[in-house]
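Welcome! Take your time and find each place as we reach it.

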Amino acid sequence: MEGLHEGDKVIDDSLQGSATLLDKVETEGSKKLYLESYGCQMNFADSEVVASILANEGYSTTKNLEEADVVLLNTCSIRDNAEQRVRNRLTHFKRNKEDNPNLVVGVLGCMAERLKKQLLEEEKLVDLVAGPDAYRDLPSLIDEVDDGRKAVNVLLSREETYADIKPIRLGQNGVTAFISIMRGCDNMCSFCVVPFTRGRERSRNPESIVEEATELFNQGFREVTLLGQNVDSYRWNMSSKGRIKDEAKPTVNFAQLLEMVAKVSPELRIRFSTSHPKDMTDDVLHTMAAYHNICKYIHLPVQSGNTEVLERMNRTYTREWYLNRIDAIHRIIPDCAISTDVIAGFCGETEEQHQETISLMKEVKYDFAYMFKYSERPRTLAERKFEDDIPEEVKTRRLTEIIDLQMSHSLEHNQKNVGKTFEVLIEGTSKRSDEHLCGRNSQNTMIIFPKGNLKAGEYAHVKVTDCTSATLLGEVVSKEVIPA
Ligand code: SAH
Ligand code: SF4
Ligand code: F3S
């Protein structure tokens, strides 16, 4: 998703289920691993941990399926269509397996956790199933398969954060990287499968996070995105190794962690995702305002603009609370861009309630949004308590209205930017032309401009000359000198 597709301001219901560029980079080693990732940024970050664990066993990654000894799919369960896409892929791999009986095919991630043995037993599509907290066990699971057995480990952990594992940066541009700062989720949004697939929330030792950011900076990376399902509830107690036993002991919260990472270097940009409206504090906003290198961009999923629907979704905030958080962002960080997630057609959503989502969008005017049709997920509160009663065609129509409105807002934002000059971190060559470079401004909008003598990893001042709803086009005014 974000960061992986140039100019990805195209709104797409399948966004979080799209295959990625992760398997593009090949690493050295005798046995070959073909790794494909679906879902959110956390899954991409996990795939880099998996590549690292298996690199220690002599595996190198390949993008060529034919030469693979092991094929792993890191999967997503967030919506039904995300799972369908993986099933289609697995059926495809089954044919590869017929050609090469020694090929090991495994499923990782959220679908592995949700379906557990089902993929091995009932569907016979795979040899190996490993949940998100079981990746250290992958080498022995692969050995089991090599010995002729099916292998499964879907144990969830209360402690695992893979803090000591140095991820192998796959699909990299050498400039931007993800850092997981926590795992799991303790919220129980009634529509969401994540608490079941990722387990309990736990934070990662801040020292290991700062160390990873420092190493990335020393390797030439210039932007890190701190990842968690709800970064605002990041909490680490220095004396009890994370678990909050004694509130009197020094604790690191998210605002403090942000500051620690921002201090690594003024030339290292910091982004983060995802913020939760119920937990996002003014402290975090003040820290963002205080550091030039913390990007002025917040992803604040609203899901619905109607308080009753929000209650059924168990989001634990009201429309008014959410709008108050938006006001706080504007007040403390006037140049901050804001994006969101919206669900169309949740259980019992009336036409008036849908219109409240529309009116909230008009009030906030998001820079960008991910928009989805509600998809009922097994075991969730919504599946147990409410009927998925909005007809498919109504969901589709409401989603289309939401998407059309967002497109017009994105275009409006971009048009307002024409004539302005932004500091851009160059990520690489534009996909559309070798003669152009692309990079994002602090607000996370992609800008494309003629190459000149600049290169990836450098900062530049770019003046915007033209735009589409997805991208800004510009020209370099000067090479940037970052203030110390
Ligand atoms: N932790 C993040 C979101 C993770 S899932 C948060 O709390 O905001 C990413 C997005 O997928 C959600 O924000 C939601 O908009 C969407 N989503 C989750 N479950 C869904 C479902 N069952 N149907 C449709 N969209 C869903
Ligand atoms: Fe899902 Fe809610 Fe947790 Fe986000 S905060 S991962 S939507 S349960
Ligand atoms: Fe999907 Fe799991 Fe992420 S369900 S969105 S891969 S946490």
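This is a predicted model: local features need pLDDT of at least 70, side-chain atom pairs count only at pLDDT 80 or more; totals for chains, interfaces and linings use all residues.

The tour starts with the ligands, moves on to the strands and ends with some backbone details.

**Ligand 1**

- Ligand 1 is surrounded by 16 residues, and the closest are Q229, P301, Q303, D341 and S375.
- D341 places a polar side-chain atom 2.6 Å from an oxygen atom of the ligand, and R79 has a polar side-chain atom 3.2 Å from an oxygen atom of ligand 1.
- S375 takes part through its backbone: an N or O atom there lies 2.7 Å from a nitrogen atom of ligand 1.
- On its own, ligand 1 has 540 Å² of accessible area, and the protein covers 94% of that.
- Sorted by class, the shell around ligand 1 holds 6 nonpolar, 5 polar and 5 charged residues.
- Domain 1 (9–153) and domain 2 (176–416) each give at least three residues to the shell around ligand 1.

- Where does ligand 3 lie in relation to domain 1 and domain 2? Both domain 1 (9–153) and domain 2 (176–416) give residues to its shell, so ligand 3 lies between them.
- The residues surrounding ligand 3 are C40, N43, T75, C76, S77, I78, C110, V194, R198 and Q229.
- By class, that shell around ligand 3 has 5 nonpolar, 4 polar and 1 charged residues.
- Around ligand 2 you will find C185, N187, C189, F191, C192, V194, P195, Q229, H276 and R315.
- The shell around ligand 2 counts 6 nonpolar, 3 polar and 1 charged residues.

**Strands and their partners**

- Why is strand β1 (residues 31–37) described as largely enclosed by the rest of the structure? The reason is that 6 of its 7 residues are buried, and a residue counts as buried when its relative accessible area is under 20%.
- Strand β1 runs parallel to strand β2 (residues 59–61), and 3 bridges join them; K32 stands opposite S60 in β2.
- Strand β10 (residues 223–227) is mostly covered, with 5 of its 5 residues buried.
- From β10, E223, T225 and L227 point one way while V224 and L226 point the other way, and all are buried.
- Strand β7 (residues 176–180) runs parallel to β10 and is joined to it by 5 bridges; here F178 has T225 as its bridge partner.
- Strand β13 (residues 269–273) also runs parallel to β10, with 5 bridges joining the two; E223 has R269 in β13 as its bridge partner.

**Backbone details**

- S273 and T274 are joined by a cis peptide bond with omega of about 10 degrees, and T274 is in the loop between β13 and α9 (282–290).
- K116 is not a glycine, although its phi is positive at about 45 degrees. K116 sits in the loop between α3 (109–115) and α4 (118–121), and with a relative accessible area of 31% K116 is partly exposed.
- K365 has a positive phi near 50 degrees and is a residue other than glycine. With a relative accessible area of 30%, K365 is partly exposed.

How values were computed:
Residues are numbered from 1 along each chain as its sequence is written. Chains are lettered from A and ligands numbered from 1 in the order in which they are written. Side-chain values use heavy atoms; hydrogens and water are left out. A residue is near a molecule or strand if one of its heavy atoms lies within 4 Å of it. A polar contact is a pair of N or O atoms within 3.5 Å; within protein, one must be able to donate a hydrogen and the other to accept it, and residues adjacent in sequence count only if both atoms are side-chain atoms. Accessible areas come from the Shrake-Rupley method with a 1.4 Å probe; for residues, only the protein chains shown count as cover. Ala, Val, Leu, Ile, Met, Phe, Trp, Tyr, Cys and Pro count as nonpolar, Asp, Glu, Lys and Arg as charged, and the others, Gly among them, as polar. Domain bounds come from an automatic or database domain assignment. Buried means under 20% relative accessible area, exposed over 50%, partly exposed in between (1.4 Å probe, protein chains only). Helices (H or I, at least four residues) and strands (E, at least two) are DSSP runs, numbered from the N terminus. Two strands pair if DSSP finds at least two bridges between them.
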